[in-house]
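Have the sequence and the 3D view ready, and look up each residue as it comes along.

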Amino acid sequence: QVQLAESGGGSVQAGGSLRLSCAASGDIGSRGCMAWFRQAPGKEREAVAKIWRRSGVANPYTKYADSVRGRFTTSRDNAKNTVSLQMNSLKPDDTAMYYCAADSGSDYAKCWVGAGYWGQGTQVTVSS
């Protein structure tokens with residue numbers, strides 16, 4: 001069983017930055033993925049960023065939603081079993097509950113459409 005715990009949410013003005021972190025307890029495996037999703041009130045949950053490894057490739061792969069590409073960066077520390085989301089140039093539209101997610105697989109749907117493990121979420125509020 002994998003448990004995920006997010007930290008780092010808060011309130012910031014538009015244009016500011018926040019860094020979210022997620023600590024995972026349990027092993028998702030060397031080919032597992034980790035990701036960030038968000039859900040704003042009245043909207044569907046959406047994938048924000050995904051990070052995963054492939055055999056024989058030193059650097060992890062990353063994938064971002066169009067709405068955050070160039071502003072958000074995700075990184076993973078395999079030794080510490082953590083994943084982070086650096087969010088820069090924040091906009092009011094980024095206001096949402098942000099969830100850390102993980103899965104033991106990493107195909108397209110894993111950690112992008114859904115995931116096997118979820119954190120409790122951390123609130124990010126961006127004011128104009």
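## Before we start

Here's a term you'll meet again and again: a residue is buried when its relative accessible area is under 20%, exposed when it is over 50%, and partly exposed in between (1.4 Å probe, protein chains only). Lysine 110, with 29% relative accessibility, counts as partly exposed.

This is a predicted model, where local features need pLDDT of at least 70, side-chain atom pairs count only at pLDDT 80 or more, and totals for chains, interfaces and linings use all residues. Residues are numbered from 1 along each chain as its sequence is written, and side-chain values use heavy atoms, with hydrogens and water left out.

## Two disulfides

How many disulfides does a search of the whole structure find? There are two, where a disulfide is a pair of cysteine sulfur atoms within 2.5 Å. One of them joins cysteine 22 to cysteine 100, with 2.1 Å from S to S. This pair links distant parts of the chain: cysteine 22 sits in strand 3 (residues 18–25) and cysteine 100 in strand 9 (residues 96–103), 78 residues apart. Strands (E, at least two residues) are DSSP runs, just like helices (H or I, at least four), and they are numbered from the N terminus. The torsion about the S-S bond of cysteine 22 and cysteine 100 is about -80°, so this disulfide is left-handed. Are its ends buried or exposed? Cysteine 22 is buried at 1% relative accessible area, and cysteine 100 is buried at 0%.

Now find the disulfide between cysteine 33 and cysteine 111, where the S to S distance is 2.1 Å. Cysteine 33 belongs to strand 4 (residues 33–39), while cysteine 111 is in the loop between strand 9 and strand 10 (117–118); the pair links distant parts of the chain, 78 residues apart. With 85° about the S-S bond, the link of cysteine 33 and cysteine 111 is right-handed. Cysteine 33 is buried, with 0% relative accessibility, and cysteine 111 is buried at 0% too. If you number the bonded cysteines in sequence order, the pairing reads 1-3, 2-4.

## Salt bridges

Next up are the charged side chains. A salt bridge here is a side-chain nitrogen of Lys or Arg within 4 Å of a carboxyl oxygen of Asp or Glu, and by this rule the count is five. One of them pairs arginine 38 with aspartate 94, whose closest N and O atoms are 2.9 Å apart. Arginine 38 lies in strand 4 and aspartate 94 in the loop between strand 8 (82–87) and strand 9, so this bridge ties together parts that are 56 residues apart in sequence. Arginine 38 is buried at 5% relative accessibility, and aspartate 94 is buried at 1%.

Aspartate 66 bridges to arginine 69, with 2.7 Å between the closest N and O atoms. Here aspartate 66 is exposed, at 66% relative accessible area, and arginine 69 is partly exposed, at 48%.

## A bridge and a network

Aspartate 103 is buried, with 10% relative accessibility, whereas lysine 110 is partly exposed.

Which residues do salt bridges with shared partners join into one network? They are Arg38, Glu46, Arg71 and Asp94.
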